[in-house]
Amino acid sequence: MKIELSIPFLPALELSSNRRRTTHWTLQSKATKKTKTDFALFIQPQLNRKYADVLQNAPYSGRFAVEVTLTFPNKRKRDVDGLVPTIKPLLDIFTGYLWVDDSMDIVHKLTIAAKYEKGIERTEIIIWKDE
């Protein structure tokens with residue numbers, strides 16, 4: 001099983017590890033909730049429309065690999081490892097909806113990539129379920 005999703009914006013960058021040191025925890029909490037809400041509004045309709053047959057048996061307890069590609073609109077230098085905390089709210093959206101838990105026993109591989117495309121912000125998520 002392979003699921004491909006595209007969302008026309010990026011996760012809240014207030015969640016990046018570089019900003020977490022200087023952002024008050026209440027603002028981080030609000031950014032996390034906003035990211036979950038905003039992404040759920042795009043992800044769940046795509047899943048329901050394109051993958052309704054897959055969701056009939058969800059949530060799954062098998063093993064998953066997830067690839068997240070963040071497309072940035074400018075060439076500003078970014079540390080990919082600093083983007084890791086921005087991905088957590090995205091994985092949380094799928095918990096109970098696609099997989100039973102986002103622990104390492106279920107989501108055993110997470111790949112994060114960053115790229116530049118002039119004027120484009122996008123988050124692409126590809127999920128593979130091990131058969």
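Tutor: Happy to! Let's begin at the end of helix 4, which is followed by Gly96, a residue with a positive phi near 85°. Helices here are DSSP runs of H or I with at least four residues, strands are runs of E with at least two, and both are numbered from the N terminus. Before we go on, please keep in mind that this is a predicted model, where local features need pLDDT of at least 70, side-chain atom pairs count only at pLDDT 80 or more, and totals for chains, interfaces and linings use all residues. Residues are numbered from 1 along each chain as its sequence is written, and side-chain values use heavy atoms, with hydrogens and water left out.

Helix 4 itself covers residues 84-94, and its buried residues are Thr86, Ile87, Pro89, Leu90, Leu91, Ile93 and Phe94. Buried means under 20% relative accessible area, exposed means over 50%, and partly exposed is in between (1.4 Å probe, protein chains only). Two other residues of helix 4, Asp92 and Lys88, sit four residues apart, about one turn of the helix. An α-helix has 3.6 residues a turn, so residues three or four places apart point the same way. The side chains of Asp92 and Lys88 meet in a salt bridge, 3.2 Å from N to O. A salt bridge here is a side-chain nitrogen of Lys or Arg within 4 Å of a carboxyl oxygen of Asp or Glu. Both partners count as partly exposed: Asp92 has a relative accessible area of 21%, and Lys88 is at 48%.

What does helix 4 lie across? Helix 4 lies across strand 1, strand 2, strand 3 and strand 4 (122-129), running at about 130° to strand 2. Contact means heavy atoms within 4.5 Å. Axes are lines fitted to C-alpha atoms, for helices over the stretch in contact, and angles run from 0 to 180 degrees between N-to-C directions.

Now for the sheet: it is open, with four strands in the order 1-4-2-3 and mixed pairing. Strand 1 (2-7) and strand 3 (107-116) stand at the edges with a single partner strand each, so one side of each has no neighbour in the sheet. On average, neighbouring strands are turned by 15° against each other, direction ignored. Two strands pair if DSSP finds at least two bridges between them; strand 2 and strand 3 pair in the parallel sense over nine bridges. As one example, Thr69 has Ala113 in strand 3 as its bridge partner.

A search of the whole structure finds six salt bridges. One of them links Asp38 with Lys34, whose closest N and O atoms are 2.6 Å apart. Asp38 and Lys34 are four residues apart in helix 2 (residues 25-50), so about one helical turn separates them. Asp38 is partly exposed, at 24% relative accessibility. Another salt bridge joins the side chains of Arg122 and Glu124, at 3.8 Å from N to O. Salt bridges that share partners join Lys115, Glu117, Arg122 and Glu124 into one network.
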